[in-house]
Amino acid sequence: MALTAPPAHVAIIGGGLAGLTLALALHDLHIRSTVYESRLEAYNEGGGIMLSPNALRVLDSVGVYQRIRDRSFHFDVLTFKDGQDSTTDEYYFGSAKMYGYSAIRIMRKELLDEMKAMLQERQIPILFNSKLISITADGPDQVEFAFDNGQTASAPLVIGADGIHSTVRKTCLPQVKPMYAGFMGINSVVERSQLRIPEGYNLPATVMAKAGAFLLVPQKPDGSELFIGSQRRFPELDYAGWEQLRNDKQKLYDMLQENKQDWPDVVQSALEATPVDRMNFWAFYGIPPLASWLSETKRIILVGDAAHAIPPTAGQGANQAFEDVRSLATLLSKLSEKVPLDKAAARWQSYRQARIDKVLDLTKQMNAKRLPEAERAKLPPGAFWSDQSLTRGDGGELRWLYEPDLAQEAEKWAQELESAS
């Protein structure tokens, strides 16, 4: 039976960025929730994350943005540079003037720690070391579920915010498997002071050369550290193979150093400063479009990477997860006889999937743009992204991505359903 009132309690499976943001948004709307996280509280996912105005608007709405603003590196533009250090394109990640927020880069652990502190202040329970093993019943009124520590629990609504390898999704849609996109990004971290950066050279930058694209992204509030890396085509490995590669830091280092002489001097200086012990990589996986992000009873809902994993090339994976949970929380608070969950969720998924599809198109164009020169030359016009407004320098072609307020959108859907009933 579809919910026709805000749920009394929501179980959130996954204590990552999407799950914690959802818990904060629900709390503001007077909906109780419990977060279940499979990992230990001390777990550190590591690395940084780039957040654009669409995500920062969501974080602002739940009180997180002002608490992390001063611990972030702020920027507006990712500059594309050629091998002669000339600017060829500009990709707007944010703009306070146009979109209300500059983009930020923040360490993922700092953001998660701040969110956990906020949950604690609000007395929202978060249970660590609670690895979901199965949904034991998806009934008309309650969902029952079990954890590997022997605990069981139930809730009128379960949200699967447990990532691309979602256990919640496996329960509802066992046939859906993550698909490898054929690319991996190899990365490390260097001190900015060790680089030979030309005068007036804008960072962050993607340096385009014969070998492909090389990323130089400042992090820490003062930009004193740089995340560096390059993506490449790479055959898929199984789980054990990926883990073996992750631990073989010398091999990752050697792969990043390939074609060093083909890069301009600023990249060569980054490669010379690269520490072997901080080598890492990201294999790009996605999932095929799902017919529904909800179970048949509409009591289980998937969000974030569990519903629509997006490769990281356009920097929108986490940003889209924030959009999911902000709009869903607002919609849940508006449920009524005239706005039942089945109709509301159909409207929500339809809107979200259309945006995800546009982001996936943008990601595909970005992947093509970062290919080595020889591969790019074989592609038809329009296959890779280009800033059509570079002459204007306003980044206006990304308004569709950065401007929507997802809470307002959800309120609009609820009003439309009320009017139609």
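User: In this predicted model, is Lys298 buried, partly exposed or exposed?
Analyst: Lys298 is found in the loop between strand 17 (280-286) and strand 18 (300-302), and its phi is near 65°, a positive value in a residue other than glycine. Most residues other than glycine have a negative phi. The relative accessible area of Lys298 is 28%, and since buried means under 20% and exposed means over 50%, Lys298 is partly exposed.

User: Which residue in the loop between helix 8 and helix 9 has a relative accessibility of 38%, and what is its phi?
Analyst: The loop between helix 8 and helix 9 (265-273) holds Asn259, which counts as partly exposed at 38% relative accessibility. Although Asn259 is not a glycine, its phi is positive, with a value of about 60°.

User: Where does the cis peptide bond from Leu203 to Pro204 lie, and what is its omega?
Analyst: Pro204 has its place in the loop between strand 13 (179-191) and strand 14 (205-209). Most peptide bonds are trans. The bond from Leu203 to Pro204 is instead cis, with omega near 5°.

User: In the open sheet of 3 strands, which strands stand at the edges, and why is one side of each left without a neighbour?
Analyst: The strands of this open sheet follow the order 3-7-4 and pair in antiparallel fashion. Strand 3 (48-51) and strand 4 (73-75) each have a single partner strand, so one side of each is left without a neighbour in the sheet. The strands at the edges are therefore strand 3 and strand 4.

User: On average, by what angle are neighbouring strands of this sheet turned against each other, and which residue stands opposite Ile49?
Analyst: With direction ignored, neighbouring strands of this sheet are turned against each other by 20° on average. Strand 3 runs antiparallel to strand 7 (residues 103-107), and the two are joined by 4 bridges. The residue in strand 7 that stands opposite Ile49 is Ile106.

User: Which helix packs on this sheet, and what angle does its direction make with that of strand 7?
Analyst: The helix that packs on the sheet is helix 5 (residues 108-121), which touches both strand 3 and strand 7. Its direction makes an angle with that of strand 7 of about 85°.

User: How do helix 7 and helix 8 lie relative to each other, and at what angle do their axes cross?
Analyst: The axes of helix 7 (residues 239-247) and helix 8 (residues 249-257) come within 5 Å of each other and cross at roughly 80°. That angle makes helix 7 roughly perpendicular to helix 8, as angles of 65 to 115 degrees count as roughly perpendicular. The crossing angle asked for is thus roughly 80°.

User: Which residues meet where helix 7 touches helix 8, and how many of them are charged?
Analyst: From helix 7 the contact takes in Leu245, Arg246 and Asn247, and these meet Lys249, Lys251 and Leu252 of helix 8. By kind, the residues of this contact divide into 2 nonpolar and 1 polar, while the number of charged residues is 3.

User: How many residues lie in the hairpin between strand 10 and strand 11, and which turn residue has a positive phi?
Analyst: Strand 9 is joined to strand 10 by a hairpin through 4 residues. Strand 10 and strand 11 form a hairpin too, with 4 residues between them, and the turn residue with a positive phi, about 90°, is Gly150.

User: How does the span of helix 11 stand against its expected value, and what is the relative accessible area of Gln320?
Analyst: Helix 11 (residues 317-333) reaches 25 Å from its first C-alpha to its last, close to the 24 Å expected at 1.5 Å a residue. This helix is mostly covered, with 15 of its 17 residues buried, and Gln320 has its place in it. Beyond four places in sequence, Gln320 touches residues including Asn54, His308 and Arg352. Gln320 is buried, with a relative accessible area of 0%.

Conventions:
Residues numbered from 1 in each chain as written. Predicted model: local features only at pLDDT ≥ 70, side-chain atom pairs only at ≥ 80, totals over all residues. Heavy atoms only, no water. Pairing = 2+ DSSP bridges. Axes fitted to C-alpha atoms, helices over the stretch in contact; angles between N-to-C directions. Contact = heavy atoms within 4.5 Å. Parallel < 35°, antiparallel > 145°, perpendicular 65-115°, else oblique. Nonpolar A, V, L, I, M, F, W, Y, C, P; charged D, E, K, R; others polar. Expected span 1.5 Å × (residues − 1). Buried < 20%, exposed > 50% of the residue type's maximum accessible area, 1.4 Å probe, protein only.
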